[in-house]
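Please look over the sequence and the structure shown here before reading on. The paragraphs below then lead through the chains step by step.

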Amino acid sequence: MAQQTSLASKTSSEVVLLRPSRGWIPLNLHELWVFRELIYFLTWRDIKVRYKQTVLGAAWAILQPLINMVVLSFIFGNLAKLSTDNIPRPIFTFTALLPWGLFSKALADAGRSMLANRSMITKVYFPRLIIPLSSVLGGLVDFVIQFAILLGMMLYYRITPTSALWSLPFFVLLSLATAFGFGLWLSALNVLYRDVGYILPFLTQIWMLVTPVAYSAKVVPAEYQFLYALNPMVGVVEGFRWALLGARPPDALTLAVSTVISVIVLISGMYYFRRMERTFADMV
Amino acid sequence: MGDIAIRVENLGKKYRIGVQNDDYPTLRDAITQAALYPFRVLRYGIPSQHETIWALRNISFEVKHGEVLGVIGRNGAGKSTLLKILSRVTEPSEGYAEIYGRVGSLLEVGTGFHPELTGRENIYLNGAILGMKRAEIQKKFEEIVEFSGIEKFIDTPVKRYSSGMYLRLAFAVAAHLEPQILVVDEVLAVGDAEFQRKCLGKMSEVANEGRTVLFVSHNMSAILRLTQETIVLEGGKMLMRAPSNQAVDFYLSSGLSQSGEKRWQKEDILAESYPFRPLAMRIRNPQGKVVETVRSTEPIEVEVEYELESPINGLRVGIYLINTHGETIFTSFDTDDGEMYEKYSVRQAGHYVSRCIIPADLLNDGRYILGLNASVYRLKRYFHEPNALNFTVDSTGAPGKQWFEVRQGFIRPRLNWQIERDAYAVEQA
């Protein structure tokens, strides 16, 4: 009996109207809050499965940027001999690889997420935005592990973080927002066009070259700086080096442009995703 | 709160069926097509819209709170599309539906199960996907585990589970969902008899609790047992809504459950079958209609159509009947009979139909698979297709249907029982 009354009380509050939608649909972000536990569980699943499936497990999160660091330091330091503003090259590179790794992984995972979860999408209702969102968040654990390594390296090189450390969360957020924004576009496009999946690795590769991961943004000639700032990851990477290693601060204009671009991509991505959402279940 | 749980008004769903050369459109094609578009318009004019089909059209009905409504129709009739719209997986193309209350859908058990995760982890994940809160799952955790009967393996990754264990766990989670409105599709089509009994028990429990259930099934006896009213869909349209026994009877006798036919194209057949060439295999009801569902109380006609491109000595064409557990119920050949064997010692080239009748009151309800074999004893197997055709036997009206129980056994014969009362013995007692 008790069960029946509780069910009855749930009923009165919820009326759902299902009808064809046209054009641009409101984002309904409050629904994401209602489904927050699902975001948590899906993020948790992605992390858990990743660590269970790979032989190296969590060690992979450490090895990958370390190997990258060694290779990039060698190529850009010993062969190309690009300046690092007097910061030891390994830590100069590793500090940039942290946000870059977070971003590129989030972007790739989010881009593939809709197809990877197609069995859920065709069977159960939930706000679809949750899928790319939880794949973006899944990368945070790797990031935290790598951050611990970075702290160890800073001890080794006797580098104390600057007073600008407070700004670090902002740069983390900026890279996540950028990844989520582009990830939304790519994941929706990937449902529509399957070859987006092949473009993704290529895209991240090019993107890394136009981001100052292995070199300093200073090497880019002044007349191209504005163009360069259109890549939000430039501000993020420069910001990380500034906050942690005391490199020269990122140009305020660069940061402003990066943030604006990132916000535009994020909002347009959400609207595009919502617009495409109604056809996802029929197309994946 | 009103009386109505679901109101569907003029609902329709349109799918685009483009001219599909490739499996999926690619961005590359889209870009080249967009680039070439102006030229194409100049040459051929503005292209016509994609071809569309209506998977569902003009559907209107209401379901009251506490009502259990069945939905039947053959494959492609629009049942799944209807449930997908009502469970918000996909949007309607026209019309609307109003849903009063929280909807839980069981479009397939085990949605989102991950093989690498343990049973325990999957319960939480699956519960969250189905819309349960974490606290709710925690509260019911013990109950779910107990219902699934896999306590010992709860911390084992589900990839090590047998398919039966997997299903039991998946259904256990779904069964503990407590939505006001439950949408169920074919969960009973899988699993062993024991599991199906458990599912049916849970379903009737849900129905008796006063929750609203929309139940799609091919299992007519489950429809009859669990639902009061049923709608019949065909080709995306609603043919009728009636008390379930009438609807089921209409469905079974109208031959709507068609598709009981397998055809072979020339390219399907291996060269080693020569000179035997199967053309088609069909199931017919006593009215001569090709059907997918037959009643156990009626004889079933099986026919095999084939061609011989040159004569074969001692050819026999026959069928295997297999149940869904893979057990062979019987094997029978067209020249089993001594007289037929003599008569067809040499089968000349030509077009043939071999036909037989499976008598009424023989098969139990369930799905069956028919295999086809054409061979010469001990010499050569020309053709062998173990899974040529499948069909459903419905036991409506069969002996013992007054009891709503699952009858054990492969067959369901109508036996001629006599009950004799020994008057003398009673006097003695």
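The model is a predicted one. For the complex, the predictor reports an ipTM of 0.81 together with a pTM of 0.72. In chain B the mean pLDDT is 83, with 87% of the residues at 70 or more.

Chain A is built from 13 helices and one strand. The C-alpha trace of chain A extends over about 70 × 40 × 35 Å along its principal axes. Of the 284 residues in this chain, 42% are buried.

One helix of chain A illustrates burial well. Helix H7(A) covers residues 130-137, and because eight of its eight residues are buried, the helix is largely enclosed by the rest of the structure. The residues concerned include Ile130(A), Ile131(A), Pro132(A) and Leu133(A). Ser134(A) and Ser135(A) are buried as well, as are Val136(A) and Leu137(A).

The next topic is the meeting of the two chains. Here 37 residues of chain A are in contact with 43 residues of chain B. H3(A) contributes the largest share, eight residues. By class, this side of chain A comprises 18 nonpolar, seven polar and twelve charged residues.

The strand of chain A also pairs across the two chains. S1(A) runs antiparallel to strand S4(B), residues 94-100, with four bridges between them. In this pairing, Leu17(A) has Glu98(B) as its bridge partner.

Chain B holds an open sheet of five strands with mixed pairing, in the order S12-S20-S19-S15-S16. Strands S12(B), residues 293-295, and S16(B), residues 328-333, stand at the edges; each has a single partner strand, so one side of each lacks a neighbour in the sheet. On average, neighbouring strands of this sheet are turned by 30° against each other, direction ignored. Within the sheet, S19(B), residues 366-376, and S20(B), residues 380-394, form an antiparallel pair over ten bridges. There, Ile369(B) is found opposite Asn390(B) of S20(B).

How values were computed
Residues numbered from 1 in each chain as written. Chains lettered and ligands numbered in written order. Predicted model: local features only at pLDDT ≥ 70, side-chain atom pairs only at ≥ 80, totals over all residues. Contact = placed C-beta atoms within 7 Å. Nonpolar A, V, L, I, M, F, W, Y, C, P; charged D, E, K, R; others polar. Pairing = 2+ DSSP bridges. pLDDT = per-residue confidence, 0-100. Buried ≥ 20, exposed ≤ 12 C-beta atoms within 10 Å, placed from the backbone. Axes fitted to C-alpha atoms, helices over the stretch in contact; angles between N-to-C directions.
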